[in-house]
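Biologist: Before we discuss any feature, please show me the model, and then take me through how each kind of feature should be read.

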Amino acid sequence: MRFLLRRLGFYLLAAWVSLTLNFLIPRLAPGDPASALQARFQGRLEPSALAAMKKVFGYTDAPLYVQYFDYVKSLLHGDFGISVAYFPARVTEVIGSGLMWTLFLAGTSVVISFVLGSALGLLAAWRRGGWLDSVAPPAFIFLGAFPYFWMAMLLLFSLGFVGGWFPVRHAYADQLTMGWNWPFVLSAIHHAVLPATSIVIASLGGWLLGMRNTMIGILAEDYITMAQAKGLSPSRVMLHYAARNALLPNITGFGMALGFVLSGSLLTEIVFSYPGQGFLLFQAVKSQDFPLMQGLFLSITVAVLAANWLVDVAYVFLDPRTRR
Amino acid sequence: MSFFRDLLQNRKATFGLLILGAFALIALVGPWLVRDPAEFLGDPLAPPSTEFWLGTTRQGQDVFAQTIAGARTSLVLGFVVGLVVTFIGATIGIAAGFLGGWVDDLLSLLTNVFLIMPGLPLAVVLAAYLEAGPASMAFVLILTGWAWNARVIRAQTLSLAQKDFVKAALVGGESRLRIMFFELFPNMTSIIVSGFIGATVYAIGAQVGLEFLGLGDVSQVTWGTNLYWASNNQDLLTESWWTIAPTGICVALVGFALVLVNFAIDEITNPRLRSAGAFNRILAQAGATAGFSTPVLRTQPGSVSSAKADTQVPPVLRTQPGSVSSAKAGSRGPEGEA
């Protein structure tokens, strides 16, 4: 329990650091963000609305610490300001519409890639020097060296555009309405296949190697020799004795890699015009929509922190040493 | 310097270094040998031909020239950022690990916070506020990339700081700063080189990603902006794959080469990871099959690696003293199930 609380404290601190960075970056950057904001909204917002907008970002004449408290207060009230690109929608609404798709796409692909990569790494280490061990690691490292979005472009072009087997844009067919019905779910899965595959291909190698290298270390442990000497079946030794222990470092890595994989999946979304956070980020960059960009940074950070905490909870269940 | 000698003898490292050398040469002299990458030279979106080896862009620019020119800009920035990131990471990591106390608490906390924050969204916000250009790009990449090295190097410092030579230096009255940079730093060559490689891979990948988003200086010719323009012009929808493929393959080759060198470093520092092929050949000669554990062993120089193992007397196996940090791993002999 103490472990989980300590981790929670750390994540809260990390969240605070990122929202403070979010506050400081525009103010330390060259140029005056307040007048930039004004220029961008000129003629589109009532003067009173603009003033309210500035207050949300704390761009007032008040001293910095007052601005800071105003800013934190707005954030705690869930007020991230108004999006420029999707004017007049609020940033929170825009982000909310994309968050679900990102969680679906990135979440599914990360889990698939982790399970598949760890399983392949396990088998590669088990048959050390076999064909899987000699082919898979270099092949996936090579595939992993491509930028995520380039892999996405390749799949989009070959399987989507030329092959025509998969849709090349959006998250579901236009004529369908969102909801829990079969046509919609199937369409959503069909649309997710290509982007998810590109993320899985690009990120699989890391899990594979991590698992393989830990397994090689663990297979040399005395308890493995002991288990074999007792005459336990090979599959039991592999899964119950070796794999369980080898998985632990990979799970720690899982939490740390989430942010990285998510970053990659954001770029993949752009290639497929997938309506998640990454696509919104792209729109925000294109139209210089600073409120949306900053809101996205905060929401993605919070998502990563929350996912990490879930990994910690899982870790407590898996590793008794953390339960002391 | 036996580390660098070992590195050059490793097949993976040699292969990786060869690819890197080729790209370094391309980046160095290539741009003088090709046409102006920015100029409009031919028909728009012409497929690869003898005149334009990799075709042309929508603006009629030479894709081959753009790829070569992009190699210089992207690789220089990648390696410079890699160097700075390594230096910052090493300084913070060594300081945290060696000085301990509140310095360690503070630096470790900072490191972990930066490690867990998703890099790309932060980089996007930073890059959007800064004026586009190589300097801003480098700054953004350094700020989002230093933490991993700091963490790894701190861990290594913690274990090195217990060694006798550090204690001797302390007793000998050397200043802490001197111990950090002249005693600890040189004794972490392999970890620092491997950190540098990781940082460079990150710097090149993240740079290409940010420029692809349009956050670089889009008037410059780099690998990232090449892809930005290709995607902006919807080149895929017109099936002009040649504007996209070369750059991506170059990025992947450089990344692959760097990772290969990193693999080699892993194998040198952790002999258990070394290819089991030689070991299995030796066991086969003795009529034994391998058990699960891969022993830490080294064959006599030149006997097995020359692939003539079958014609020779079984090479003498000997455990490898010294170069293995853990005594347990070093003392274990071959475990064949005869």
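Modeller: Let me start with the elements: helices (H or I, at least four residues) and strands (E, at least two) are DSSP runs, numbered from the N terminus. This is a predicted model, in which local features need pLDDT of at least 70 and side-chain atom pairs count only at pLDDT 80 or more, whereas totals for chains, interfaces and linings use all residues. Residues are numbered from 1 along each chain as its sequence is written, chains are lettered from A and ligands numbered from 1 in the order in which they are written, and side-chain values use heavy atoms, with hydrogens and water left out.

Biologist: Where is Ser273(A) placed, and what is its phi near?

Modeller: As a general idea, most residues other than glycine have a negative phi. Ser273(A), in the loop between α10 (234-271) and α11 (277-286) of chain A, has a positive phi near 45 degrees. Its relative accessible area is 14%, so Ser273(A) counts as buried (under 20% relative accessible area; exposed is over 50%, partly exposed in between, with a 1.4 Å probe and protein chains only).

Biologist: How should I read the contact between chain B and chain A, and how many residues does each chain give?

Modeller: Contact means heavy atoms within 4.5 Å, and on that basis 56 residues come from chain B and 60 residues from chain A. Buried area is the accessible area (1.4 Å probe) that two parts lose on being put together, summed over both; here the two chains bury about 5,100 Å², 81% of it on carbon and sulfur atoms. On the side of chain B that touches chain A, α4 (101-116), α5 (119-129), α7 (147-160), α10 (189-212), α11 (223-232) and α12 (245-269) of chain B each supply at least two residues, and α12(B) gives the most, with eleven residues.

Biologist: Which residues have the most contacts inside the largest nonpolar core?

Modeller: In soluble globular proteins, nonpolar side chains tend to be buried together. A nonpolar core is a set of buried Ala, Val, Leu, Ile, Met, Phe, Trp, Tyr and Cys residues joined through side-chain atoms within 4.5 Å. The largest has 156 residues, and Met293(A), Val124(B), Leu210(B) and Trp223(B) have the most contacts inside it, while α12(B) contributes the largest share, 14 residues. Not counting residues up to four places away in sequence, Met293(A) touches residues including Leu281(A), Val124(B) and Ala128(B).
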